[in-house]
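Good morning, and thank you for coming. I would like to walk you through one structure, beginning with a single helix and then moving to what surrounds it.

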Amino acid sequence: MNKRIKELRKALKLSQKVFAEKIGLKQNTVSYLETAGSKITEQNIKIICSQFSVNEHWFRTGEGEMFLDNQKKQQDLLEIFNKLCPPLQDYLIKVANDLLIAQNEMQSQKQTNN
């Protein structure tokens, strides 16, 4: 699991410091957790998986997908949204609503044609 913490952190493009802050730890603790042979507590496993939408089975075994379906996209979008100034956040919400309306119209037309 130690190498998977580093792999996850790199996939998220986070420094040890930022990764640590997001899970309530210190940078030196994350450095320790990434070291082969260091003990990872059950609590840390749960926090990491929850905070970053990580597939716990992958985290424990290395098998399967790193992230839970669709949650990585949601996390990416939320991170981008939080970096935008309020007027651009409002604009993004409007565009997303417009896309949803367009999608619903396309689905209705498709059903009508079938």
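Let us start with helix H1, whose buried residues pack against H2, H3, H4 and H5. Helices here are DSSP runs of type H or I with at least four residues, numbered from the N terminus. Buried means under 20% relative accessible area, exposed means over 50%, and partly exposed lies in between, with a 1.4 Å probe and protein chains only.

Before going further, please note that this is a predicted model: local features need pLDDT of at least 70, side-chain atom pairs count only at pLDDT 80 or more, and totals for chains, interfaces and linings use all residues. Residues are numbered from 1 along each chain as its sequence is written, and side-chain values use heavy atoms, leaving out hydrogens and water.

Which residues of H1 are buried? They are Asn2, Arg4, Ile5, Leu8 and Arg9. These residues cover an arc of only 160° around the axis, so they sit on the same side of H1; the arc is taken from the directions from the helix axis to the C-beta atoms. An α-helix has 3.6 residues a turn, so residues three or four places apart point the same way. On the face turned away from the buried side, H1 carries the exposed residues Lys3 and Lys10. Just after H1, Lys13 takes a positive phi of about 60°.

Next, the aromatic rings. The structure holds two aromatic pairs. Rings of Phe, Tyr and Trp (its six-membered ring) pair if their centres lie within 6.5 Å; planes under 30 degrees apart are stacked, over 60 edge-to-face, and the rest tilted. Phe19 and Phe52 are stacked, because their ring centres are 4.8 Å apart and their planes at 10°. Since Phe19 lies in H2 (residues 16–22) and Phe52 in H4 (residues 42–52), this pair ties together parts that are 33 residues apart in sequence. Trp58 and Phe59 form a tilted pair, with 6.4 Å centre to centre and 55° between the planes.

Technical notes
Helices (H or I, at least four residues) and strands (E, at least two) are DSSP runs, numbered from the N terminus. Contact means heavy atoms within 4.5 Å.
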